[in-house]
Amino acid sequence: MRLQRHRQTEGMLCTILLCLSDWSAAQISYSVSEEVDKGTVVGNLAKDLNIQTQQLEERGFRIVSGHSKRYFEANLRTGALFVNERIDREELCPNVPKCSLNIEGLLSHPLSIHRVEVAILDINDNAPSFVEESHIFNISESSSTGERYPLPVAQDADTGSNSVKSYKLSANEHFSISVSSGGERVSAELVLQKALDREKQAAITLTMMAVDGGKPARSGTMQIVVNVIDTNDNAPSFSKSLFKVSVRENVPLGTTILKLNATDLDEGSNSEIRYSLMKEENFRITPESGEIIVRADLDYEEKSAYELRVRATDQGASPRSGYCKVLVEVVDVNDNAPEISVTSLMSPVKENAEIGTVIALVTVADRDGGQNGRTSCIVKDAVPFTLKTTYKNYYSLIVDGLIDREEMSQYNVTITATDDGSPPLSTTDVITVKISDINDNAPQFPESNTSIYVKENRKVGEVISRMTAQDDDEHENAKLTYSIKDSYPKDYRISTMININSETGDLVSLQSFNYEELKTFRFQVQATDSGVPPLSSNVTVNVFILDENDNSPAILPPYSEHGSVNSESVPYSAEAGYFVAKIRAVDADSGYNALLSYHLSEPKGNNLFRIGTSTGEIRTKRRMSDNDLKTHPLLVLVSDNGEAPLSATVSIEVVVLESSADIQTQFRHVPIKDDSFSDLNLYLLVAIVSVSVIFLLSLITLIAVRCHRTDGAFSRYSAPMITTHPDGSWSYSKSTQQYDVCFSSDTLKSDVVVFPAPFPPVDAELISINGGDTFTRTQTLPTKEKVGCTFVRISLTADESQTTYDS
């Protein structure tokens, strides 16, 4: 490729130099035949240019050509010009009579250019050929003899005498060939010698040959196909003149009952047949295919046979027609299904309709006759209805079972009628029977008893709960009104406490409740529907008042006088732990709102007295000294354990006396001597343990007995009245209640403090707050001083009379 570009560059350079130079050399002409072998000598350049062969090599003689191939080269030793590449005249000079190649011989020192023209001589190396392998003529069979049809011209790449000179045609009885020449071109025509008949021979195949003038001559062939074009010289015809066909009367519309086929010996449009009926009744015919199709309903009872006249026409320029007759016989079949009609339908039907009640009249009809017209009728599916025959094809639809609107508010009754034809035909009809409601369902509450928990001191007019009942009926029968019935306790008028919205069932408080006055009550709510007659049902509502910390502790006598200062005396010789006084208080609240704790307030620097946090006992911490005052004012603070604690105070002035004989107090207790353990201490300890064991056994026995008894819905929730006594005893009353019992270890006298727990009660559970065993649940009371106290929650049952236990 690089060498070729270099040669092209040299050729262009030589051409430019030749144009710029005033020197011009004479042209040398040679001739050579195409397709000669490589190395064939065309001429001697050294001789023709009058140049010695030695100068060709010395002056660097070379051949320059503008062609991509170097067809010629020069032998510098001999000066001969010879063929270097294959030469194809048809490739170099297509369709040109004369062909030559121009080359230049270039000499250097000095520069000189010599033009050389080499004429390429043609040889007969190409045979004639046609553009198409075959050529088709469409000639009508009615064409006259002597008609001429131009034939395709053959092509020959050679020229002169080597080109096409004549044409020949294969032997046949219908055509001949006529050849004419004008200049270099030779043409031919196809001449009709004998009339054509398409019905005998539809196509004629000929072979046309083109021959050139070379020696030896070459030739090429082409196939000529003559299609004989038809003329309409034949009429359509059917295979027979009469056709018979049977068809059922219930044949669907559009069904093809017969397909006719007419033939025509012609071809093309002359053999294209269109079918038609001379009179269309219940049938039509497809023009293109000859199919006879049912176009209207057939009824054997109206017409049992049809006679059709069919015409077949070709599509020639002068159309020809043929005819036939078709006899159609209609066959009777069971083509009519029973028809169901419903009259006098009674809807809706009450759900309490009795068995045998007529709901509707049903009539079944069949247009067929005989066996095809006999019918039977049944009710399908499991519904509380059935058909009862009244006369022939007349039926009554009656109630055949219990109807409940709440289970099914509407029935779709399917009735099927079937005839006795073969095959049998049936018809299905659906009758919708609606069921109307009667007031047969009373309102129902979710539960027969319900509980409501209401905090005391709640605002008047607030909705505390909503009572809702459901009624399975509908409309007015399900429209409910609510009212309040009996209440308990009887001495409370429920109408002054609770009101109910008759439409929504909302319970509204008419007063603010006080837990200390009323802990629980009950009443009945009645829901009544609006049916005729109305139905109702009740629900028992248990209302439990929840305690809030709204009562301050109250100091019990003898320290209960408001604003007064109480005095107590202590001997100067009192030992540490000497009993001074015991403060007792109660709280009208319950539970932890009534769990009291005692605290002592003294002047700063006075560390002489202490108080039991849970017992309220004031004792000395140490012995008296000469530096102590003779009078000690004490302020005792009693607080409950509510979420917002409330408290009360009492003032006590303790006077120190020199002699214990002067001491007078309302509570006389023997002081405890911590330095010795006397026989009295032992007796007291044994007594306390014995009493405690007996008390616990009594409580357990009482719990076991009372667990098997019940006094009503509210008896087990009644709260007891709790009374504490200065001598360390306690009492309870009423029925089952939970209690928190505190056994104090702060004194030799075991005071039992019982706190009623909020309801509803639970089974007895032990709670330890002093680090002991925990049986069920652990709580720590929010007191400032850790109290050595064990709480036992127990459920007790007792009569209205009080029972007192001494600890």
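Strand β24, residues 339–343, pairs with strand β26, residues 358–365, in the antiparallel sense, and five bridges join them. Good morning, colleagues.

Within the pair formed by β24 and β26, Ile340 stands opposite Val364 of β26. Strand β26 also pairs with strand β29, residues 394–399, again in the antiparallel sense and over five bridges.

I turn next to an open sheet. Three strands make it up, in the order β41-β45-β44, with antiparallel pairing. Its edge strands are β41 (579–582) and β44 (609–611), each of which pairs on one side only. On average, neighbouring strands of this sheet are turned by 20 degrees against each other, direction ignored. Between β44 and β45, the latter covering residues 617–620, the antiparallel pairing runs over three bridges.

Let us now consider two individual residues. Is His632 buried or exposed? His632 has a relative accessible area of 2%, and it is therefore classed as buried, since the cut-off lies at under 20%. His632 belongs to strand β46, residues 631–639. A polar atom of the His632 side chain lies 2.8 Å from the backbone oxygen of Leu629.

Gly254 is found in a loop, the one between β16 (242–248) and β17 (256–259). With a relative accessibility of 43%, Gly254 counts as partly exposed. Which residues does Gly254 contact, leaving aside its neighbours within four places in sequence? They are Ile293 and Val294. Gly254 and Val294 are 40 residues apart along the chain, yet 5.2 Å separates their C-alpha atoms.

Finally, a word on confidence. The protein chain has a mean pLDDT of 78, and 81% of its residues reach 70 or more. Over residues 665–676, however, the pLDDT is below 50, and this stretch has 17 contacts in the model beyond near neighbours in sequence. The pLDDT also stays under 50 over residues 710–807, where the model has 248 contacts beyond four places in sequence. Where pLDDT is low, the predicted coordinates should not be read in detail. Thank you for your attention.

Definitions and conventions: Residues are numbered from 1 along each chain as its sequence is written. This is a predicted model: local features need pLDDT of at least 70, side-chain atom pairs count only at pLDDT 80 or more; totals for chains, interfaces and linings use all residues. Side-chain values use heavy atoms; hydrogens and water are left out. Helices (H or I, at least four residues) and strands (E, at least two) are DSSP runs, numbered from the N terminus. Buried means under 20% relative accessible area, exposed over 50%, partly exposed in between (1.4 Å probe, protein chains only). A polar contact is a pair of N or O atoms within 3.5 Å; within protein, one must be able to donate a hydrogen and the other to accept it, and residues adjacent in sequence count only if both atoms are side-chain atoms. Contact means heavy atoms within 4.5 Å. pLDDT is the predictor's confidence in each residue, from 0 to 100. Two strands pair if DSSP finds at least two bridges between them. Axes are lines fitted to C-alpha atoms, for helices over the stretch in contact, and angles run from 0 to 180 degrees between N-to-C directions.
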